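Please consult the sequence and the model together while reading.

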Amino acid sequence: MTHSTLKTQNPNLILVIGGAGYIGSHIVADLLAEGHDITVFDNLSTGFKENIPRGVNFYHGDILNKGDLKGVFQQPFDCVMHFAALKAAGDSMLNPSKYAEHNISGSINILDAMLAANVKNIIFSSSAAVYGAPEYLPVDEKHPTHPENFYGYTKLAIEDILNWYAKLKNINFAALRYFNAAGYDALGRVSQLERNPANLLPIVMEIASGMRKKMQIFGDDYDTHDGTGVRDYIHVNDLATAHIKAMNFIMENNQSLTVNLATGEGFSVLDVIKAVEKITGQKINYEIVARRLGDPAELIAQALRADDILKWKAKHSSLENILETMWRVYRIHRQN
Ligand code: WQD
């Protein structure tokens, strides 16, 4: 176990926006273990109050409400981490204005509130969705950015705005492009299930725990080893480590960066299902249906820049560890 429980010499004052959600709460757990002073700002639309540990300040607010942001920035902060966003790619194609408002306008509100309070450092949750259909694999940061869905476009637009604010207003940012985030905290510090998940791993886990009867596999005729879609799954504990390293980097070097966070290894939908059946002892019922619009056959990435600049490598992201840590949480909710 590599999670640090050492108290840091120089604790930072950190505002974690969206810190009650699935990914944010994992980062909060590690920041707290490092001895930082943390405030979570969250509207609890998808997050849970139970995800906020003792010792962390909580501000119930919305990034679309400038008064809420002004309120939380009455306290001093060294760095902001921004996880608050809508993230369903399919929904973003049906309701683009909702995504533009929450993701793009919400991020601009955060930046403006930061600047008004003279806070200069921000870590931003970006996404592999900025790349769109891969032109080559593994995807590196030089790969062209042509998002295939509006959600991915919002993340790219925010990256562009961050780049402009860095030039015009001297902020430092880290844009962290996650591939398929998955897993649960190995130390059991986060235990709330995501509501209405749309991603593969939580759906398979819901079937193993009896919360759902059957799933659909979106296509088995891709050019992959078994015909089903291949993705690069990255454990949330690895994401957490990268956030802390990125925060230290931008603050120490007064510099910004954009990096992929991924493992370089891919697993198909059927690989995942077989591994879940082995780990849980449960049969996963599925049917093969048509391909989902906009899904690439394979998406894996190189995180060489994160390794080079941040000295970061995925350490907790074997498929087995991702699924075992998820099963520890899902089995508690088991209904069969
Ligand atoms: C994985 C694989 C599906 C569900 C999405 C976002 C992306 C990023 C991560 C945030 C694919 C298949 C899935 C199901 C299936 N999010 N699948 N049946 O689409 O790679 O990425 O989450 O930044 O922006 O688009 O993840 O988990 O939905 O799908 O067969 O019920 O599982 O076709 O091959 P995806 P996913």
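Which residue in β2 is the bridge partner of Ile 17? The partner is Phe 41. The model is predicted: local features need pLDDT of at least 70 and side-chain atom pairs pLDDT 80 or more, whereas totals for chains, interfaces and linings use all residues. Residues are numbered from 1 along each chain as its sequence is written, and side-chain values use heavy atoms, with hydrogens and water left out.

Helices (H or I, at least four residues) and strands (E, at least two) are DSSP runs numbered from the N terminus; two strands pair if DSSP finds at least two bridges between them.

| Strand pair | Bridges | Direction |
|---|---|---|
| β1 (residues 13-17) and β2 | 5 bridges | parallel |
| β2 and β3 (residues 57-60) | 4 bridges | parallel |
| β9 (residues 230-231) and β12 | 2 bridges | antiparallel |

Asp 42 stands opposite His 60 in β3. Together with helix α1 (residues 22-33), β1 and β2 make a right-handed β-α-β unit: with the strands pointing away from the viewer, the path from the first strand over the helix to the second runs clockwise.

Elsewhere, an open sheet with mixed pairing is formed by 3 strands in the order β12-β9-β14. Its edge strands, β12 (267-268) and β14 (298-299), each pair on one side only. Val 230 has Ser 268 in β12 as its bridge partner.
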